[in-house]
Structures are given as structure tokens and as C-alpha cells.
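I opened this model to look up its helices, its core and its salt bridges. My notes follow.

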Amino acid sequence: MRAAGAGEAGLPARSPPRFLATTGTLAVVGLVAVDVAAVPAVLPSVRVELGSSSSGLVWVQDAYLLALAVTLMLVVRAGVDHRLLAAVGVASFAGGALLASTADETATLVTGRAIQGAGMGALLLPALESVREAAGERWMVGAGALMALAVAPLAGGAVAETASWPWLFRIELVGAVPALLLVAAMGGRRAAQGGAAGGVRAAQGGASASGSHGERESGRVPANRSHAEREGGSPPQGQPLRGDRTAALAGGLILAVTGLVQSGPWGWASADTLLLLAGGAALILVGRRELPAGADAVVLVIAGCLAVGLLLAPQYLELVRGLSPLRSGVLTAVLTVSAATLAAAARLLAGRIPPRLSLIGGLAWAALGALGMTRIDPASSYALVIVSLGLLGGGIGAAAGALAGRGGVAAAAGARPTPADPVRLAAAAAGAALVVAAAGALLQRAQLEEREGGGSFEEALAAGLAASGWLMAALLVAAAVLAWRRASSSSP
């Protein structure tokens, strides 16, 4: 297979040193797991020490997710030297971690997290490209990502209890050093101008089924594309992203997330909130064609619901139930361990279990967990909490594993499998940012109503958790219905 962008950039294809590439990529995915699943575990301590508001804590996590999604969209669009991209990414991530570790107010912490997210967005493209064509290394990186995700809440809780929350960012600062190996590994590899880099063309690796070589290079739509792609209007996954639509999508995400998170402090009926939400929705509609067709609506939902569970569970366990950070991390790990275990199982069993069963059943399973969260209050039994988190995480993991399993995605959701696809990862990060912002808006609204009715802080936070549970349940049910319709339309 021709190296991505070799002809366009005029540079010879060069395989990066395998050990350096794999080690650097493992470091990158480990840092992503810490940012997504370990940082939320220290947020209750952040709230106590910095006096953060509910919207402030949402911003700490959403600033990272939003910056990651927007940066990844933009660097996929641009033709950038991968060594330079990796170097800038490491420097930005380390700088953001350093700033976050010294924060004495929430705004500084949010700024550091945004810089971290931008750095990680730049790092992910060369990291994924470095192992894209090596199946054994992809398997190793995937297994490492699942293991890191599983233990991250426990690690975050342990750091918050034995040291203090800034130490988590200091550890990330040290953890960024192995990612420098990517700089040496890339050796000047360059993305094709226009964004045809790495995983954006991964969907074309299995070539003959989707058209001739000329069709793939020119971007013409093959006659046998899936119904979802023909009807959805999205470009083939191998086409370069259009700059205008990518910019519109990125701008829409920023406006929509800002409007949702700030709806608490500003009020839902304020002109600022309404203008941001309207402008964000309009820009997202303009740019939505840049997202690949098929399973991405489902990807957005499962990524968002996992992020919401990770954000809210530690706050409930520590600020409402009074658990220590370590014990809270142990219980939150029920969510991540079940997600990682079922994701691995669903992918391994993809040839034995119909993928639509794993996908749709997993989404339904996760919806039951979300419904269980709607019943949680300050006096709920820990059994209800554990079962709800386990169902939510296990269902999300099973659905994600079904989407990642080779050969099963087309039948399950009308899309081709695209391992290590940065466009899909950008879509997942964007979905997580949007769903977290929406859950944060509902959390703040429910807290306000509970406090106005005379409820305590603990009752208000539990009410916010329940409101977010209803949102997740609705999204997961809608995703299951969509997956079923796509599976039915793609069946012979």
C-alpha cells in the first residue's frame, strides 16, 4: 500500500522504527485514558479546594474534549509534517499539564485542560499513523488503551487520596516524555495536503470491494456504497475533508458547548445562551457532512454517555455519599472495567455473535444502566449504584466492541470498519463534548430547582445525576433504534 501522502508531498515513504512508534503510541493512549477517566476522579477534590461551581467542573472536562476534537479535525484537514505535529503536540500537552498542576483557580485549570486537549489532538494523528499498517502493534495499542481505561479511575482516586489532585497533572507531565519517541519515529512522514492522512484512508485498505484504484484516488462514489452513505450525504471516508465545512463544524461545536455549559450561570432564556445555541446548531448543520456516514451517530452517543458517567459518578460518591477518593475510584472503576471487558469480549467474539446483537443489545443494556441512575438519591443502596454503573459501562463496551470488530460493522450499522481512524475519533470526542455539555446543563438546572425548593446540596446533586440519567437513557435508546434501522437497511 502506498504510504499516505508520499506522492503528494514528494517525500519517500519511510516506515518508522517499530519499537519507538509502538512505545510512543502506547504512551499517548495511556495519557488519553488518564485525561478521560482519571481526571474526573479528582474533580471532587478540585471543587472542595478551589471552590469550583458545577459549570466549572464541567468545563474542566469539556475544555479538554472540545479542544481535542477541534484540533484533530483541523490537523486531519491540513497537510502537516508528522514529526513537527508530534513535537508540537507533546510540547502543548506538557505545557497544559504544567499549567493545570499550578492552578489556584478554576479558570486556570480549565485553560490548562484546553491546552492539553489541543496537544493531544495533534499527537493522535501521528500516533495512529505510526501503527496503522501493523496489525500486531494495533492489537497491542488497543489492549493497552482498554487496560489504561479500566484502571484510570482507581489511579485518579489513589492520587487524590495519597497526595493531592495537582499531582495527577505532574504525573501526566512526566508521562508525556515517552510520547517524544513519536518525534523520532515519524522521521518526516507527511500527511497528504488536504487531509488524506492516516486513518482517513484506512477504510480504503480493503480496496477491491469499494471500487477501482482510480475511484479511490479521485474520490468518486462507487456504485455499491451502503445505503446509509448514499442517503446520508456524507463524503466517502477516504476523501479529504473540506476546509470550509470543517471550520464550520469546529466553530459550531465551540458555540454549542459554550451555550450549553453556560446556560446555568447565564440562564436558559438569556440572549447570550440562545444566540450561542442557535449559531452552534446552524454551523453544525453546515459542517455535519464532513463526518463519515454510518455508525458515527452511535459512536457519538456511546462516547458521550461514557464521559458523562465518568464525570458524575465520583461527584456523587464523594460529595453526596462522603466516600474517600480511593473508595470512590474503586466504585467508579466498575464503569470502566465493565466497559473494557465487554469491549474486548465483543470484538473477540465478532465472528461468532451477530454484530447487530452485540451492538443493539449493548445499547439497550447501557440504557437500563442509565435508567437505574435516575433512581439514585442520597440514600440509595450501593448495590443500585454498582449495578447501574456496571450495566452502563458493560453495554457501552459491548456496543463499542461490536463497532470495532472487523467484518461486523457493515451489517450492524451500515458502515465499513475503520480501525485507528482519526476522523471517527474526532467524531467521538465531539460527541463526548456535546453530551457532557448537555448533561452539565441538565445537572445545573436540576440543582437549581432542588435548591429553590429547599433541598440540600446533596439532594440537589443527586437530582442532577438523575436528570443526566434520563438524558443518557433517551440517547442510548435512540442510538439503538438507529442502529437497528441501519442494520435492517443493509441486510440483503
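I counted secondary structure first. The chain has 20 helices and zero strands. I took helices (H or I, at least four residues) and strands (E, at least two) as DSSP runs, numbered from the N terminus.

I noted the ground rules. The model is predicted, so local features need pLDDT of at least 70 and side-chain atom pairs count only at pLDDT 80 or more, while totals for chains, interfaces and linings use all residues. Residues are numbered from 1 along each chain as its sequence is written, and side-chain values use heavy atoms, with hydrogens and water left out.

I found 56% of the 492 residues buried. Buried means under 20% relative accessible area, exposed over 50%, and partly exposed in between (1.4 Å probe, protein chains only). Among contacts with a separation of 6 or more, 84% join residues 24 or more positions apart. Contact means heavy atoms within 4.5 Å.

**Core.** The largest nonpolar core holds 112 residues, and M120, L363 and L476 have the most contacts inside it. Helix α14 (residues 296–320) gives the largest share, 16 residues. I defined such a core as buried Ala, Val, Leu, Ile, Met, Phe, Trp, Tyr and Cys residues joined through side-chain atoms within 4.5 Å. Leaving out residues up to four places away in sequence, L476 touches V301, C305, L363, A366, A367, A370 and L392.

**S358.** I placed S358 in helix α16 (residues 355–373). S358 is buried at 13% relative accessible area. Beyond its neighbours within four places, S358 contacts I353, A398, A399 and A402.

**Salt bridges.** How many salt bridges does a search of the whole structure find? I got two. The criterion is a side-chain nitrogen of Lys or Arg within 4 Å of a carboxyl oxygen of Asp or Glu. D35 and R113 form one, at 2.8 Å, N to O. This pair links distant parts of the chain: D35 sits in helix α2 (residues 18–50) and R113 in helix α5 (residues 106–130), 78 residues apart. D35 is buried at 0% relative accessibility. R113 is buried at 0% too.

E449 and R445 also meet in a salt bridge, at 3.2 Å, N to O. They lie four residues apart in helix α19 (residues 422–452), so about one helical turn separates them. E449 is partly exposed at 46% relative accessibility. R445 is partly exposed at 41%.
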